[in-house]
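Dear colleague,

Here is the structure I said I would pass on.

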Amino acid sequence: MEMSGAGGVPKLDDPAEEPWPAATACMTRREKERWRRVLIIVCLVLLVFFLLRLESPSMVWQSARAKLTAMHGGGFMNASHAGATKADELLGGLLAPGFSRRSCLSRYQSHQYYKHFPYAPSSYLLHKLRSYEARHKKCAPGTPLYAKSVEQLRSGRSAEAMECNYLVWLPFDGLGNRMLSMVSGFLYALLTDRVLLVALPQDSSDLFCEPFPDTTWLLPPDFPVANLFGLGPQPDQSYTSLLDKKKMVNDPANATALSVPPYVYLSLGYQLVDKLFFCGEDQLVLAKVNWLLLYSDLYFVPSLYSIAEFQNELRRLFPAKESVAHLLARYLLHPTNSVWGLVTRYYHSYLDQAKQRIGIQIRMFNFASIPADDMYNQILACSRQEHILPETDGDEAAAATGNLSATNNGGDEAEDGYTAILIASLYADYYERMRSAYYEHAARGGARVGVFQPTHEERQATEKLAHNQKALAEIYLLSFSEVLLTSGMSTFGYVSSSLAGLRPTILLPAHGHRVPETPCLQAVSMEPCNLTPAREECRGKAVDKEDLARHIKVCEDFQGGVKFFD
Ligand code: GDP
């Protein structure tokens with residue numbers, strides 16, 4: 001360093017060395033040093049003070065939310081709900097605020113029970129949901145716009161384009177089927193700017209909360225179409241029969257609101273009568289119909305993706321394809337307080353304290369029935385293959401194949417807590433066998449295992465509300481598992497996995513009543529299978545086939561079905 005003058009005092013005109021020339025002229029070097037330290041301390045104190053003020057409660061919340069979104073945006077993640085925030089409660093903005101908590105407890109409490117929330121909703125989905133909610137409120141039963149549309153329907157005449165257009169969901173088949181067709185119908189309403197109303201019979205009158213704020217989705221009983229619940233798959237007003245009878249033409253160039261009937265019945269159940277629904281040119285015509293009645297038991301979203309007019313929109317709404325049913329089911333479906341009571345009472349009595357919950361859903365279809373012994377053995381074989389259940393010391397078969405030490409749960413040492421196995425089935429058989437297995441044999445490594453089954457209803461009784469409430473409670477209890485083993489081709493299992501945000505292990509169906517050689521497969525996507533997909537060759541705008549082939553493939557559990565993959 002260059003020195004100048006006596007004692008090596010820095011040059012006064014050197015700003016890098018001396019920031020306060022006038023004051024320093026008469027200070028000693030020690031005094032200057034002391035002032036410099038004081039100034040540094042004051043600056044530090046001011047900085048800390050400033051930062052603390054910045055982190056006001058709302059700022060803390062906003063930055064927490066930003067972090068949450070950033071984590072979710074990064075892809076698949078497991079959510080830990082310890083210390084849940086408001087952002088968790090409303091699932092990162094997926095759920096609209098402003099509901100009365102007490103009217104629907106599950107809406108605000110379910111996030112505490114789910115173990116996974118792998119995908120953040122896209123900002124475009126949030127935008128669409130908020131504008132859907134505004135539209136629903138404007139057009140819902142009780143509003144002048146609803147009255148106008150019903151009046152037009154009652155008159156039987158076609159009409160000028162209406163401000164509000166509707167999709168009326170009708171019940172068909174079991175609860176899982178219904179939930180999936182509701183979700184599909186809701187997405188169709190989002191895509192086509194319609195308002196979703198549901199026609200709920202007595203058997204479904206106390207299952208789901210109102211999903212949209214300050215309004216209702218219930219179709220009023222005086223809706224002027226007779227015998228709504230008894231029309232079945234082939235009514236006169238089905239889209240295809242209207243085309244056959246030349247009461248409609250599926251030519252967008254010749255279709256005006258005046259040339260279409262006031263309502264069209266869409267027969268989109270597993271029989272898929274109205275296949276043409278999944279063609280773009282037919283969609284252009286159907287867009288002019290004021291009322292669409294949806295009769296379906298399918299998860300038909302993958303078929304919507306094959307319509308060129310919807311493909312881009314669906315890409316924007318759901319950057320991750322396997323998140324569609326997961327996000328929409330979490331948005332739309334909230335059990336009513338009576339069902340939520342069943343769920344939470346059971347959960348806190350048997351599942352809450354477990355260190356891990358394994359949900360097993362066993363469905364025996366008539367077309368794929370096998371003896372209970374065979375089904376039980378298939379479950380055990382699957383468990384060994386995928387390391388799902390804690391193995392027992394008496395499990396010689398596993399020992400012979402060398403699989404014993406690789407179990408998911410049965411470590412070498414007894415750990416704190418127990419593993420809860422939750423069984424959902426119409427029958428008690430599998431529960432009895434499994435419970436006995438862990439009673440008669442110790443789990444490996446001294447692990448503690450509890451086997452539970454809330455009900456065994458023996459037969460499907462969809463016409464009974466209490467039966468459906470228990471079924472719904474079990475779907476939710478399954479969805480609070482860390483691990484899921486479900487039955488192939490069962491919509492009951494599909495909804496549980498979608499709600500859970502989990503890729504399940506799927507038991508393969510015993511087609512032709514033959515036990516499958518491969519007992520089960522690990523699902524690659526948590527999306528439900530579209531069990532009767534659209535296969536129509538359409539005339540309209542070409543769809544991006546490469547993208548379609550990349551994202552829609554044959555289901556793991558059913559060659560005849562397709563589902564979304566990423
Ligand atoms: P899927 O037939 O397996 O596709 O499922 P669905 O839910 O559409 O129809 C089956 C119906 O049978 C359910 O809705 C219930 O009513 C009844 N069911 C089937 N499995 C169970 C079960 O494990 N628990 C209860 N409580 N009901 C079940």
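The shell around the ligand has 9 polar, 6 nonpolar and 2 charged residues (Ala, Val, Leu, Ile, Met, Phe, Trp, Tyr, Cys and Pro count as nonpolar, Asp, Glu, Lys and Arg as charged, the others, Gly among them, as polar). This is a predicted model, in which local features need pLDDT of at least 70 and side-chain atom pairs pLDDT 80 or more, while totals for chains, interfaces and linings use all residues. Residues are numbered from 1 along each chain as its sequence is written, and side-chain values use heavy atoms, with hydrogens and water left out.

Of the 17 residues around the ligand, the nearest are N177, R363, H467, S490 and T491 (near: a heavy atom within 4 Å).

The protein buries 97% of the 560 Å² that the ligand exposes when taken alone (Shrake-Rupley method, 1.4 Å probe).

Apart from the ligand shell, I looked at the cavities. On a 1 Å grid over the protein atoms alone, a cavity is a set of points where a 1.4 Å probe fits but cannot get out, and lining residues have an atom within 4 Å of a point. The lining of the largest cavity comprises 13 residues, with R363, M375, L508, P509 and A510 nearest its centre; by class they are 9 nonpolar, 3 polar and 1 charged.

Regards

How values were computed: 1 Å grid on protein atoms, 1.4 Å probe; cavity = no way out; pocket = protein on both sides within 12 Å on 5 of 7 lines; lining within 4 Å.
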